[in-house]
Amino acid sequence: MGLLKALLLMCAANTSFVHAATQPNKADIAAARKPNFVFILTDDQRHTAVGYAQQEAVLTPTLDALSQQSLVFTNAHIMGAMSAAVCAPSRAMLMTGRNLFEISQTGEDIPAWQITLPQWFKQHGYHTFHTGKWHNGKSAFARSFTSAQSIFFGGMSDQYQVPLHGFDASGKYDCEPTIQGVEHSTDIYADAALNFIEHYDSSQPFFAFVAFQAPHDPKQVSQQYYSQYADTDIPDIVNLLPEHPFDNGELDVRDEWLSPTPRTQTDVKAHLKAYYAMITHIDKRIGDIIKVLERKGLMDNTYIIFTSDNGIAMGQHGLLGKQSLYDHSLRVPLLIAGPGIEQGLTIDSPLYLSNLFASISDLAGFDIPDSVTQSKVAQISASMPKLPHESKSLPLNESDNTASIYAYKSYQRAIKQGSLKLIEYQVKGKKHTQLFDLATDPLEMHNLANQAAYQHTVGKLRARLQAELSLAGDAAKLQAVDWAIPDLPQWGEFNLTPERRDGYFKMKAMAAEEHKMVLEYFAPTKLQDIEASVDHKDRQDKTTR
C-alpha cells in the first residue's frame with residue numbers, strides 16, 4: 001500500500017507490458033511510461049497552516065482538495081538546524097537524504113560528492129527543471145538541473161523586488177541578478193512552472209522543482225489576498241506567551257524582531273492574517289499548476305509532492321521565528337499524490353523530510369546513491385493499518401520504542417519517543433529541561449520535567465537522546481556543563497561585530513517597518529495607539545529639555 005504499493009503497481013504494469021502481445025494497447029504503453037514528478041516546496045509553512053488540518057483559520061481550497069487524493073503525512077519533521085537561517089540546512093537535508101550532522105554546518109553548500117535529489121533523477125534520464133528559491137549553492141544547482149527559469153539564489157528578499165538569475169548552461173552563474181518587473185515572487189515562480197509544463201513536449205520524463213519563497217516574510221501580498229482575512233475572527237493563540245520563559249540561545253534574531261515583546265494577541269493575530277494571506281495566494285497558484293497538468297493529460301502519470309522547509313512559531317511560546325525545537329517549528333505539511341497512491345490515507349508515524357530522497361526514488365523505480373544515508377519511509381508497508389481520511393491520528397504511547405531526534409545549534413537537543421518529548425537546553429553553561437506528553441498536551445504547554453513522578457522518564461529519555469545523537473554523528477555530551485561542543489555564535493552576537501553592525505540595524509529597521517505595515521492593515525487602531533504614544537513621549541521629551 002502507499003508508496004510501496006505504488007512501486008508494486010508500476011512493477012506489475014511494466015511486467016505486463018513486457019509480456020504483452022506484439023501490438024500492446026495504449027493503456028499498457030501509458031502504464032510503462034516513467035512517471036513525472038512535480039515537487040512543490042513552500043518556505044516557513046507550519047504543519048497546521050493548511051485548511052485540511054482544521055486547526056487554523058487559513059484558506060487553502062487547492063491543498064484541501066489535493067489532500068483527498070494524497071497520502072497525508074501529519075508528522076513530517078525537519079531535524080533542526082545549525083544555522084539561524086533554518087531553511088538552508090533543511091533544504092540541504094531534503095536535497096541530499098542526509099541527516100543534520102552529515103551536511104555542511106550552514107547548509108548553504110552541498111559538496112560535489114553528495115548527490116542531490118534532482119541530480120539523481122537527471123542521472124536516471126529525467127529532464128530536471130527548477131524555479132524559485134535555491135539556498136544550497138550555485139555549484140550544487142548547476143549539476144542538478146537540466147533547465148530553469150527565475151532562480152533566486154538567496155534566503156529572503158522583498159516579495160516584489162526579487163533578484164533573479166536565468167538559466168546558465170555553463171553553470172557559472174557569475175553575472176549579477178536582475179529584478180524582473182514588479183510581480184510577486186509567488187506569481188513569478190508559478191508562471192515559470194506553468195510555462196515549463198505548458199511547453200514541455202519531450203518524451204523524456206520530467207522532475208520539476210517549484211520552490212516558493214513565501215510565506216517567509218516580508219509578509220507582502222496583494223490586496224486581493226489581504227482582504228480575504230480583513231474580517232476573519234482568529235481564535236486566541238492558546239499557547240501564546242509574552243516572551244519565552246528563558247534564554248533558548250537564539251532570542252536576538254531577525255525573526256523575533258517582527259513584533260515587539262511582550263507579545264500580544266492583537267499583534268500576533270495581525271501577523272497571522274498576513275501570513276495566511278500569503279499561503280492562500282500560494283494555494284491559488286498551486287491550483288493553476290494542477291489545472292495545466294490536468295489539461296495536458298499528465299495527472300495520471302505525475303506525482304505531486306507538497307511540503308515546506310520548516311514551520312514557524314508566530315507567537316507560540318513567546319516566539320515568532322523557527323529557531324526552536326517546538327513542534328510548531330519542526331513540523332511541516334506533507335502530501336504525496338500520484339499513480340498508485342492510497343488516496344486520502346492519513347499517516348501519523350513520524351518521519352524526516354530527509355527520508356523523501358529514498359522514498360521518491362523508490363516511486364520512480366530506482367535505488368539510491370551511496371551518499372544517501374536516510375532510509376525510505378519504512379512506516380508505509382503492508383502492515384500499516386488503513387485509516388479513514390477523517391481519522392485524527394494513530395495513538396501514541398510511551399511504549400512505542402521508535403525515537404526521532406532534533407537539534408538546534410549548540411543550544412538545543414530533543415527526542416520524541418511515543419507520545420513523550422524531551423527538550424534539553426544549554427546556553428552559556430545554563431541548562432533547562434522540558435518534558436511534554438504530546439498525547440495530552442500537543443501545544444507543549446505543561447512541562448513535566450520537574451515533577452517527581454517523571455524523573456525516571458526524564459533519565460531514560462535523556463540516555464536515549466544521548467545514544468541517538470552519538471549514532472547520528474553529534475559530538476554533544478549532554479552531561480558536560482557546556483555539552484563539550486564549541487559554542488556556535490548567537491545570531492545577534494555574530495551580526496553585531498563591527499563589519500556587520502550596519503546590516504544588523506538596517507534589518508532591525510526593516511522588521512519594524514513590516515510590523516507597522518501589518519498593523520496598518522489588520523490592526524489600525526493598535527497602530528494609532530502606538531503612534532499616539534510615541535508622539536506623546538516626544539512632546540514630553542521636548543518639554544523636559
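User: Before the sheet, what makes two strands pair here?
Analyst: Two strands pair if DSSP finds at least two bridges between them. Strands (E, at least two residues) and helices (H or I, at least four) are DSSP runs, numbered from the N terminus. This is a predicted model: local features need pLDDT of at least 70, side-chain atom pairs count only at pLDDT 80 or more, and totals for chains, interfaces and linings use all residues. Residues are numbered from 1 along each chain as its sequence is written, and side-chain values use heavy atoms, with hydrogens and water left out.

User: What's the strand order in the open sheet of five strands?
Analyst: The order is β3-β13-β14-β15-β16, with mixed pairing.

User: Why is one side of β3 and of β16 left without a neighbour in the sheet?
Analyst: β3 and β16 (430–437) stand at the edges, so each has a single partner strand.

User: How many bridges join β13 to β14?
Analyst: Six, between residues 403–408 and 412–417, running antiparallel. Ile405 stands opposite Ile415 in β14.

User: Switching to α4. Is it covered or open?
Analyst: Mostly covered: 10 of its 10 residues, 87–96, are buried. Buried means under 20% relative accessible area, exposed over 50%, partly exposed in between (1.4 Å probe, protein chains only).

User: What do they pack against?
Analyst: The partners include β1 (36–42), α5 (117–123), β4 (127–134) and α11 (356–364). Contact means heavy atoms within 4.5 Å. Just after α4, Gly97 takes a positive phi of about 65°.

User: And His135, buried or exposed?
Analyst: Buried, at 11% relative accessible area. His135 lies in the loop between β4 and α6 (138–144).

User: Which residues does His135 touch?
Analyst: Among them are Cys87, Ala88, Arg91 and Glu108, not counting residues up to four places away in sequence. Cys87, Ala88 and Arg91 are among the buried residues of α4.
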